[in-house]
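Please open the structure in your viewer and keep the selection tool at hand. The tour below goes from one group of side chains to the next.

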Amino acid sequence: MHQKLENTMSTVEELQKLREREDHVEFKKAEHNYPFAGGQKTDPRDRRHCVLGYVTALANEKGGRLVLGMADAYPHEVVGSDFAENETGNLEDEIYKRLHIRVRTEELYDEKHRRVLVINVPSRPVGKALRFEGVPLMRVGESLREMDDAEYFSVISEQDPDFSSRVCKGLTMEDLDAEAVEIMRKLIADKQKRADANTIPLQQLLKDLLLIDDDGNLKYATLLLLGKSEAINRHLPQANVVIEYRTSQSQVRYSARQEYRLPLFVAIEKIWEYIDQPACNPLLHINDLPRILDCPAFNKETIREALINAMIHRSLQMGSDIFIFLYPDMVEISNPGGFPYGVNIGNILTVNSSPRSRLMAEVIEKTGLIERSGQGVDIMFTNCIKEGKPLPDYSYSDDYQVDLRFYGEIPDDAFYLFAQDICHTPELESQMNTFDWLTLHYIWKGNAEAVYRESCPKLLEMGLIAEDAYFGYVLSTHYLLYKPHVKSVAGQYDINHIQIVYHVIRRNSDASMSDFVSAFNGILTQKQVRNLIEGLCKTPLIASHGNARATRYNWVDR
């Protein structure tokens, strides 16, 4: 999970014996009005002398303690500080929000009841330098300075370009799992149409896949893909996948827990079998009158892609497992190590990803478990949209972990049916890419800012969206026909008129008669609009409340 902090408690007496440089501690009197983030100062060099500046520098020095309320001259006299008094929880939250690291605070008091605040700062993530106001900071004497090029390069060079391609000393052919090897052979035979995949000597097959070097040494990728549980435990004990099931997100203790220390070729199916139980993966019921359709809360391909991504992107240099938290309405997958260099939530669909375990990813690609490295995110987003579910949620990720959440609910049966109709129409579905599907999703949500403009002309031509004066674009009337009762009412009223009414109510929530009149300007007269709305109020589509000019109208989804 998140980076670990030391659990030992500080004491005033212990702090007084520490040396700033040798013991990775910074003392500040900070009696009153000590700045949190630069204060009122304008010079960038002066602004750094604040809590965030020192936390950034200490994290970049592999962690330490910022002590407020004690003089920096040895033996550090206690003077007392009122910084963040009664607000240490908010302080920890704000530092996490700004720097994406979790600090731990302690409040100490000397015999005169003078308060000392200790902020325990963890190390920065491997290969990443923290920044304050865009600058990676280090401490030098009493000052904070920017890292020079050599220091910064040494930090970013810490990330091993491919841990999985290293030789795993002591790993032998006898340490390989027979079931995993058989699965790999079959996958290669199917993917590459290799008739010899099931009969070629294993050592030669491993050499073809670069899983063994010219000297016969097996690599960490070989261990992770094919190694027996005992071998994984011996060489990489942190390479676990832990599943915890809870009946609700508010439940603290898990109802069930399962740990897997298996080679990837075996683990993927075993983990899915655990997730695909009725309690963990319930069926959702979609109303398509007179039919009721069933859709599982979680899609096998989507979860599998997320698992493989977690396994090839995890940092094996961090001593943490991959965690899967299961709920009836959510699956959360958390792997140690933040996003790869250059990747963030904003560009995750557009930037070329570089997996930490590149060799491992290349072998998986050759077996057909994934189409190509980096495509898994596209598949996850597209599948969620096709099933009318919320988009994959990376917003809980930070520099120490990638946290991916899938939500199982389908908030709008009509959008699910609309999307599934596209999937079942080959001439439409074959033209759609991930960004086209995202555009449909954002138009459905009314999020005009997120729409991909390049997709709109194509979707207009395909008849899937229509232009709208207020929203810019809306889904075609085909979507509306999947709303409850619309199809039956469309025989009495023009479906285009029903669509205008729907979007007026969507735009205004409680719509007034004048809202409808304005929307139909140039299409219907005021009297015709009134007759239309009064007529629709007699159907199951809209309902009214209030009297006379105060009457308001709502769409009724039943």
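Begin by selecting Phe415, Phe418, Trp444, Tyr479, Tyr502 and Trp555, which ring pairs link into a cluster; rings of Phe, Tyr and Trp (its six-membered ring) pair if their centres lie within 6.5 Å, and planes under 30 degrees apart count as stacked, over 60 as edge-to-face and the rest as tilted. This is a predicted model, in which local features need pLDDT of at least 70 and side-chain atom pairs count only at pLDDT 80 or more, while totals for chains, interfaces and linings use all residues. Residues are numbered from 1 along each chain as its sequence is written, and side-chain values use heavy atoms, with hydrogens and water left out.

Across the whole structure, a search finds twelve aromatic pairs. Zoom in on Phe415 and Phe418, whose ring centres are 6.1 Å apart and whose planes meet at 40°, so the pair is tilted. Both residues belong to helix α14 (residues 413-423), where they are three residues apart, about one turn of the helix; helices (H or I, at least four residues) are DSSP runs, numbered from the N terminus. Phe415 and Phe418 are both buried, meaning under 20% relative accessible area, with exposed over 50% and partly exposed in between (1.4 Å probe, protein chains only).

Next, select Phe435 and Tyr452, whose ring centres are 4.9 Å apart with planes at 65°, so this pair is edge-to-face. Because Phe435 lies in helix α16 (residues 434-445) and Tyr452 in the loop between α16 and α17 (456-461), the pair ties together parts that are 17 residues apart in sequence. Phe435 is partly exposed, at 25% relative accessibility.

Notes
Helix = DSSP H or I, 4+ residues; strand = E, 2+ residues; numbered from the N terminus.
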